[in-house]
Amino acid sequence: MKKTINIALRFSDAQIKRVSPVVRSVNVFPLNLRRIANCATPSTWALEYHSKDAGLVELEAEDGRCRRRRANSVHIYAPGCRYREDTRTADLPLEENYFILSDAEKCGFDRLIDSRLRFAVSRDPAGRIGELMRKAGELCENNGERVFWHVQSIFMEIVQIMMSARQTGPGEWDIDPVDEVYFAGEVEAYLRKNIAHNVKISEIARYMKVSESSLNHRFKQDTGFSPIARLIEIRMDFAKSLLLKGEKLVNIAEMTGFYDEYHLSKTFKKQTGMTPREFRTREG
């Protein structure tokens, strides 16, 4: 379960003046209230993401039409976009993520929006934008204004993803998932690099900038294994090669990420049907 984040950090004017475009504030907080908000008319850009259905948004320029704030969608509100949010049908509780931005037109956001509505929506089925925005929230919650430049770097990653989206209508875009072969290869490389460590699924997901459920689904779809099952298989292959080289069990356990030689032996027999010593005798 993800930890609850509740952060609304506005960077100082001295920091904001250093760069353009710029993330002025990072906001991540739990939303539990069913309500109709007052109309807002932002003077700056706003980038908003929800991982769950977040109710409705009414754009004044559409004469009262209500749009669904769908799960894994990114909303862009340009300066002057008058809108109202309605969370009465939202899938509560949910986590709200948004950035307040200045000069986002300089990185191409003006090309994404419907110029009449001053609004755009990008569908992000893999939750790539959400993971990055949440990462920024965690950094701000733990470190405050010291992460100013790190947050700006994360925003540039978001810009790169959004600029590669496919347009499906005026102000409407689809963000494609990372190529699956590339994705599985990146996960595999991470597992091999960290073979000696206590690898957690949350750490792999954070590295790949996706949710844990998305990580499991996409990796298994491509390889037939869950990431952790594949990690065990990689460890077993490495342990076999070390056994045949005559390495001691205690050293093999340390090199392959097991607690001790007993843990290694138990897992090895479960996976292969033999103890490490039986394998060495049979194959050596």
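The protein chain has a radius of gyration of 24 Å, whereas a compact globule of 284 residues would have one near 19 Å. That radius is taken over C-alpha atoms, and the globule rule is 2.2 Å times the number of residues to the power 0.38. This is a predicted model: local features need pLDDT of at least 70, side-chain atom pairs count only at pLDDT 80 or more, and totals for chains, interfaces and linings use all residues. Residues are numbered from 1 along each chain as its sequence is written, and side-chain values use heavy atoms, without hydrogens and water.

**Whole chain**

- Along the principal axes, the C-alpha atoms of the protein chain fill a box of roughly 80 × 40 × 35 Å.
- The protein chain holds eleven helices and eleven strands (DSSP runs: H or I of at least four residues, E of at least two, numbered from the N terminus).
- Of contacts between residues at least 6 apart in sequence, 72% join residues at least 24 apart (contact: heavy atoms within 4.5 Å).

**Burial**

- Buried residues account for 46% of the 284 residues in the protein chain (buried: under 20% relative accessible area, 1.4 Å probe, protein chains only).

**Helices 6 and 7**

- The axes of helix 6 (residues 201–208) and helix 7 (residues 212–223) come within 9 Å and cross at roughly 85° (axes: lines fitted to C-alpha atoms over the stretch in contact; angles run from 0 to 180 degrees between N-to-C directions).
- Helix 6 is therefore roughly perpendicular to helix 7 (65 to 115 degrees).
- Ile 201, Ser 202, Ile 204 and Ala 205 in helix 6 meet Glu 212, Leu 215 and Asn 216 in helix 7.

Conventions
Parallel < 35°, antiparallel > 145°, perpendicular 65-115°, else oblique. Buried < 20%, exposed > 50% of the residue type's maximum accessible area, 1.4 Å probe, protein only.
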